[in-house]
Amino acid sequence: MFIAMNRFKVRLGKESLFEQVWKSRDSRLSALPGFEEFHLLRGPETADYTLYSSHTVWHTKADFEAWTRSEAFRHAHKNAGSHGDLYLDHPNFEGFEVVQTLRAEASA
């Protein structure tokens, strides 16, 4: 399993607009081979920004990398540069190979 994350430092007061941009995106992730799930995470607020992270889970790193070379990726990111006023800096990408997973036990 592979987890891909982008961290965003969103300017204070721009959080609702940032979230709306994400919620209104024409995402094609669910149709892609190896895609498992997506989360948009809101983190702590600092004096200058609110931290957000996009979090996708892929079956393999190769599945994620194939997506980054796909037409679906280009389509999903076609307007990325038009929202620069929402951020303090460029997003910070982090990719992780899953080493261990624990799940809750099924309740009876």
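Buried residues make up 30% of the 108 residues in the protein, where buried means under 20% relative accessible area, exposed means over 50%, and partly exposed covers the range in between (1.4 Å probe, protein chains only). The model is a predicted one, in which local features need pLDDT of at least 70 and side-chain atom pairs count only at pLDDT 80 or more, while totals for chains, interfaces and linings use all residues. Residues are numbered from 1 along each chain as its sequence is written, and side-chain values use heavy atoms, with hydrogens and water left out.

The secondary structure comes to 3 helices and 4 strands, taken as DSSP runs numbered from the N terminus (helices H or I, at least four residues; strands E, at least two). Along the sequence these elements follow the pattern β-α-β-β-α-α-β. The C-alpha trace spans about 40 × 35 × 25 Å along its principal axes. Of the contacts (heavy atoms within 4.5 Å) with a separation of 6 or more, 73% are accounted for by residues 24 or more positions apart.

In soluble globular proteins, nonpolar side chains tend to be buried together. A nonpolar core is here a set of buried Ala, Val, Leu, Ile, Met, Phe, Trp, Tyr and Cys residues joined through side-chain atoms within 4.5 Å. The largest such core has 9 residues, namely Phe2, Ala4, Leu29, Leu32, Phe35, Trp58, Phe64, Trp67 and Ala72. Strand 1 (2-11) and helix 2 each supply at least two residues of this core. A second, separate core has 8 residues and includes Val10, Phe18, Leu86 and Tyr87. With residues up to four places away in sequence not counted, tryptophan 58 touches Met1, Phe2, Ala4, Leu29, Leu32, Pro33, Gly34, Phe35, Glu36, Asp63, Phe64 and Trp67.

Aspartate 63, one of the residues touched by tryptophan 58, is found in helix 2 (residues 61-68). Apart from neighbours within four places in sequence, aspartate 63 is in contact with Pro33, Gly34 and Trp58. Aspartate 63 is buried yet has no salt bridge, and the nearest side chain of opposite charge, arginine 69, is 8.8 Å away. In the loop between helix 2 and helix 3 lies serine 70, which counts as buried at 16% relative accessibility. A polar atom of the serine 70 side chain lies 2.7 Å from the backbone oxygen of tryptophan 67.

The structure holds 3 salt bridges, each defined as a side-chain nitrogen of Lys or Arg within 4 Å of a carboxyl oxygen of Asp or Glu. One joins the side chains of arginine 7 and glutamate 94 (3.0 Å, N to O). This pair links distant parts of the chain, with arginine 7 in strand 1 and glutamate 94 in strand 4 (residues 92-97), 87 residues apart. Both partners are partly exposed, arginine 7 at a relative accessible area of 36% and glutamate 94 at 22%. Another salt bridge is formed by aspartate 85 with lysine 14, the closest N and O atoms being 3.9 Å apart. Aspartate 85 lies in the loop between helix 3 (71-76) and strand 4, and lysine 14 in the loop between strand 1 and helix 1 (15-23), so this pair ties together parts that are 71 residues apart in sequence. The relative accessible area is 43% for aspartate 85, which is partly exposed, and 28% for lysine 14, also partly exposed. A further salt bridge is that of arginine 42 and glutamate 19 (3.2 Å, N to O). Arginine 42 lies in strand 2 (residues 35-45) and glutamate 19 in helix 1, so the pair ties together parts that are 23 residues apart in sequence. Arginine 42 is exposed at 57%, whereas glutamate 19 is buried at 14%.

Glutamate 19 is one of the buried residues of helix 1, which are Glu15, Phe18, Glu19, Val21 and Trp22. These residues cover an arc of only 155 degrees around the axis and therefore lie on the same side of helix 1; the arc is that of the directions from the helix axis to the C-beta atoms. They pack against strand 1, strand 2 and strand 3 (49-58). The face turned away from the buried side carries the exposed residues Ser16 and Lys23.

Methionine 5 is placed in strand 1 and is buried, with a relative accessible area of 15%. Its contacts, leaving aside neighbours within four places in sequence, are Ser53, Ser54, His55, Asn92, Phe93, Glu94 and Phe96.

Technical notes. Lys and Arg count as positive and Asp and Glu as negative; His and the chain ends are not counted. A polar contact is a pair of N or O atoms within 3.5 Å; within protein, one must be able to donate a hydrogen and the other to accept it, and residues adjacent in sequence count only if both atoms are side-chain atoms.
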